[in-house]
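Me: I have a structure to read and some terms to sort out. Can we take them one by one?

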Amino acid sequence: MTTLTAASLLARIAAADGALPRPTTVDGVVAGDPHTVVAGVAVTTLATLDVLDRAAKAGANVVITHEAPFYDHLGAANDDLAAEQDPVYLAKRAFIDARGLVVCHYHDGWHRRRPDGVDEGVARALGWTLDPEPAAAGVALCTVAPTTLGALAAHVATALGARAARFVGDPELPVTRVGLDLGNRGFARNRSLLRRDDVDAVVVGEAHEWETGSYATDAAWLAGRGGSPAGLVVAGHVPSEQAGLRFFADWLAALVPELPVRFVETPDAYTAASSPAGT
């Protein structure tokens, strides 16, 4: 019988993940008692109430979530939500407390690993391999079998379970080199990949439409007039990173063989709507 606590589990992960040094981090226990002895671990991409319910029913009392469970990456909104007596926030807190769960935010460590753990897991799920040298510097580039932007977007949607994936650019654009900028890594990183000469398409999780979306739209317009920009595929935040957390769950199970570790999938929150006829 293990006596490993949630805090000790996180310390073991941090000692083994090979992450680059980090002066500050969001990683840590964000709900529940860190001294709780671990009976079972559930790994997930985003700890929604549905995920927490399924994790608890499966026997896990520690939930490791990649994204923040209380709607703000840094937890800065928690005081406001509590002061507002926000019913969703309070109900989620009560749900966690009633089931004796410990919720751990594990984000920075897996991203600061080299290669980035999310990038590696997602590339594997897509049937691709990260280029080693860029991956060592935190840039995810892959060479893929010749395809088109439209076909690539369809493959990404199917392989990653993205129910509302979209793309910007000519669907017949030839693609053999792809950049990955998963989750929400910002306009500066997005555009640096989109303008690379050795990249035909960039797959992101989510992005501001007036920034990355607008930039990709203008780049596509220029492509029709002699430019050669990359196309953009927007998979959705959770689908774009989920395979990276499944990869983490497998890694964690090998690290703590004395504990039951399971992956609890977070379904894509969005479903694509069909346009009304004639629009």
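**Terms and values**

Reply: The protein has 11 helices and 10 strands. Helices (H or I, at least four residues) and strands (E, at least two) are DSSP runs, numbered from the N terminus. This is a predicted model: local features need pLDDT of at least 70, side-chain atom pairs count only at pLDDT 80 or more, and totals for chains, interfaces and linings use all residues. Residues are numbered from 1 along each chain as its sequence is written, and side-chain values use heavy atoms, with hydrogens and water left out.

Me: Why is Tyr-71 called partly exposed?

Reply: Buried means under 20% relative accessible area, exposed over 50%, and partly exposed in between (1.4 Å probe, protein chains only). Tyr-71 has 49% relative accessibility, so it counts as partly exposed. Tyr-71 lies in the loop between strand E3 (62-67) and helix H3 (78-83). Its phi is positive, about 75°, although Tyr-71 is not a glycine.

Me: What makes Gln-85 exposed?

Reply: Its relative accessibility is 54%, so Gln-85 counts as exposed. Gln-85 sits in the loop between H3 and helix H4 (87-98). Phi of Gln-85 is near 55°, positive in a residue other than glycine.

Me: What makes a set of residues a nonpolar core?

Reply: The residues must be buried Ala, Val, Leu, Ile, Met, Phe, Trp, Tyr or Cys, joined through side-chain atoms within 4.5 Å. The largest such core here has 48 residues, and Leu-9, Ile-64 and Leu-180 have the most contacts inside it. Apart from it lies another core, of 16 residues, among them Leu-52 and Phe-70. In soluble globular proteins, nonpolar side chains tend to be buried together.

Me: Which residues is Leu-9 in contact with, leaving aside neighbours within four places in sequence?

Reply: Contact means heavy atoms within 4.5 Å. The partners of Leu-9 include Val-38, Ile-64, Leu-252 and Leu-259.

Me: How do you know that the bond from Arg-114 to Pro-115 is cis?

Reply: Its omega is near 0°. Pro-115 is in the loop between helix H5 (108-112) and helix H6 (117-125).
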